[in-house]
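Hello,

Here is the structure I promised to pass on to you.

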Amino acid sequence: MSTRQLISTPFTSSSTADDVLRDIDLTGVRAIVTGASSGLGIETARALTAAGAEVTLAVRNTTAGDAVAETIGRSTGGTRPRVVRLDLADRVSVTRFVDAWGGPLHLLINNAGVVTGGLERTPEGWELQFTTNHLGHFALAAGLHHALARGAADRDGARIVSVSSTAHMRSGIDFDDLHFERRAYDPQIAYAQSKTANSLFAVEATRLWASDGVVANAVNPGGIATGLQRNFTPEQKASLDAAEAAGMFTYKTVEQGAAGSVVAAVAPEFAHCGGRYLDDAQEAYTVPNDADLAQHPHGVKEWALDPATAQRLWTVSTDLLRA
C-alpha cells in the first residue's frame with residue numbers, strides 16, 4: 001500500500017455539487033458532460049451551468065437532452081446548455097461529435113455509463129459495458145485532446161473527470177479475454193472491469209497529457225439510485241441489497257453523488273494533479289488486489305492505479321479503435 005500523503009479537500013460524503021461550487025465563477029469555462037440526460041449527469045450539468053459554465057450535454061437521446069437543457073436553463077438562469085448526440089458504443093457517433101467540436105475545451109466529464117443484465121455486443125463484437133463505459137470515453141477524450149490542450153493554455157489547465165465505481169474492486173483487466181469470448185459472462189464482472197478501466201484511463205491520460213496542462217482523475221460517486229440500475233437482474237439487485245445491508249455503502253442523493261465529479265473538476269487541490277482516484281471528495285487510500293471489498297469500501301485497488309497496466313490498456317484500446 002502507498003504511504004504517500006493523500007490529497008484531501010474540505011468536502012465530505014454529505015457535500016453537494018452546489019456546496020463545492022459556492023463562490024466559484026466558471027464564466028468562460030467550456031464543459032462537456034456525457035450521459036447528461038439522467039441521474040448524475042443532469043445534476044453535474046446543472047451545477048456547472050449555475051456556476052456560469054458553458055455546458056454541452058453529450059447524450060444518446062437528444063429529445064431527452066433537450067428537455068433537460070430547457071429545465072436547466074430555466075432553473076439556473078444561466079445559458080441553456082447545448083445538446084449534441086453522442087452514442088459512446090458507436091465509433092462513427094464519437095467521431096462525428098469530435099469533428100463537430102470547435103474551439104477550446106476546459107472540462108470533460110466522462111459520466112455516462114451502462115449496466116447490462118446479460119451479454120450484449122456491439123457490431124464489432126465488443127462487449128457493450130466495456131465499449132460504452134471505457135472505449136467510447138477513451139475515443140472521445142483522445143479525439144478532443146487538442147481542444148483540451150487549447151483550453152489548458154487559456155485557463156491554466158484543463159481537466160478530465162472519469163466516473164468510476166466501487167465495483168472496480170471486483171475485477172482487474174483481463175487482457176486475454178476483454179470481451180468475454182471464452183470465459184463465462186458475468187455482467188457484474190464485466191461492469192467491474194469497465195470501471196477499473198475508467199480509473200486506469202485517468203492514470204495514463206495524465207502521464208501523457210500533463211505536459212499539455214491536461215490532467216485526469218477518477219471518481220467514485222458512491223451509491224446513488226439512478227437509471228443505471230434499470231437493467232439489473234434479480235441477482236444484481238440482490239447483490240446490491242446485500243452490500244448495503246453489510247454497510248459497504250450508504251445511499252447518497254444525486255446532489256451528493258455529483259459533488260465528487262465537481263470536486264475533481266474545480267477543486268484547486270486537483271488543478272494540476274491527476275491519475276488519482278477520489279471517494280467521498282477525498283483521494284482514496286490504496287489497498288492490495290486481494291483486499292476484501294466489505295472491509296475497504298472507500299479504498300482503491302492497486303490494479304486500478306498501476307502505471308504499467310494503464311499503459312498497456314491505452315495501447316490495447318488504441319489498437320482496437322484503429323482496427
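Let me begin with a pair of strands. Strand β1, residues 30-34, runs alongside β2 in the parallel sense, and the pairing extends over five bridges. One point to look for is Val33, whose bridge partner in β2 is Leu57. Strand β2 itself covers residues 54-59 and is mostly covered, with five of its six residues buried. Please keep in mind that this is a predicted model.

Helix α2 spans residues 39-50, and Thr44 is found in it. Is Thr44 buried or exposed? Its relative accessibility is 1%, and buried means under 20%, so Thr44 counts as buried. Which residues does Thr44 touch, once its neighbours within four places in sequence are left aside? The contacts are Val33, Ile109, Ala258, Ser261 and Val262.

For a contrast, go to Ser211. This residue sits in the loop that links α7 (187-209) with β6 (214-220). Ser211 has a relative accessible area of 69%, and because exposed means over 50%, it belongs to the exposed residues.

Now for the chain as a whole. It contains ten helices and ten strands. Along the principal axes, its C-alpha trace spans about 50 × 45 × 40 Å. How does the radius of gyration fit with a compact globule? A globule of 323 residues would have a value near 20 Å, and the chain has 18 Å, so the two agree.

Of the 323 residues, 55% are buried. Among contacts with a separation of 6 or more, 75% are between residues 24 or more positions apart. The accessible surface amounts to about 13200 Å², and carbon and sulfur atoms contribute 50% of that. As for charge, there are 27 positive and 36 negative side chains, and the centres of these two sets lie 4 Å apart.

Do write back with any questions.

Best wishes

Technical notes. Residues are numbered from 1 along each chain as its sequence is written. This is a predicted model: local features need pLDDT of at least 70, side-chain atom pairs count only at pLDDT 80 or more; totals for chains, interfaces and linings use all residues. Side-chain values use heavy atoms; hydrogens and water are left out. Helices (H or I, at least four residues) and strands (E, at least two) are DSSP runs, numbered from the N terminus. The radius of gyration is taken over C-alpha atoms; the globule rule is 2.2 Å times the number of residues to the power 0.38. Buried means under 20% relative accessible area, exposed over 50%, partly exposed in between (1.4 Å probe, protein chains only). Contact means heavy atoms within 4.5 Å. Accessible areas come from the Shrake-Rupley method with a 1.4 Å probe; for residues, only the protein chains shown count as cover. Lys and Arg count as positive and Asp and Glu as negative; His and the chain ends are not counted. The place of a charge is taken as NZ of Lys, CZ of Arg, CG of Asp or CD of Glu. Two strands pair if DSSP finds at least two bridges between them.
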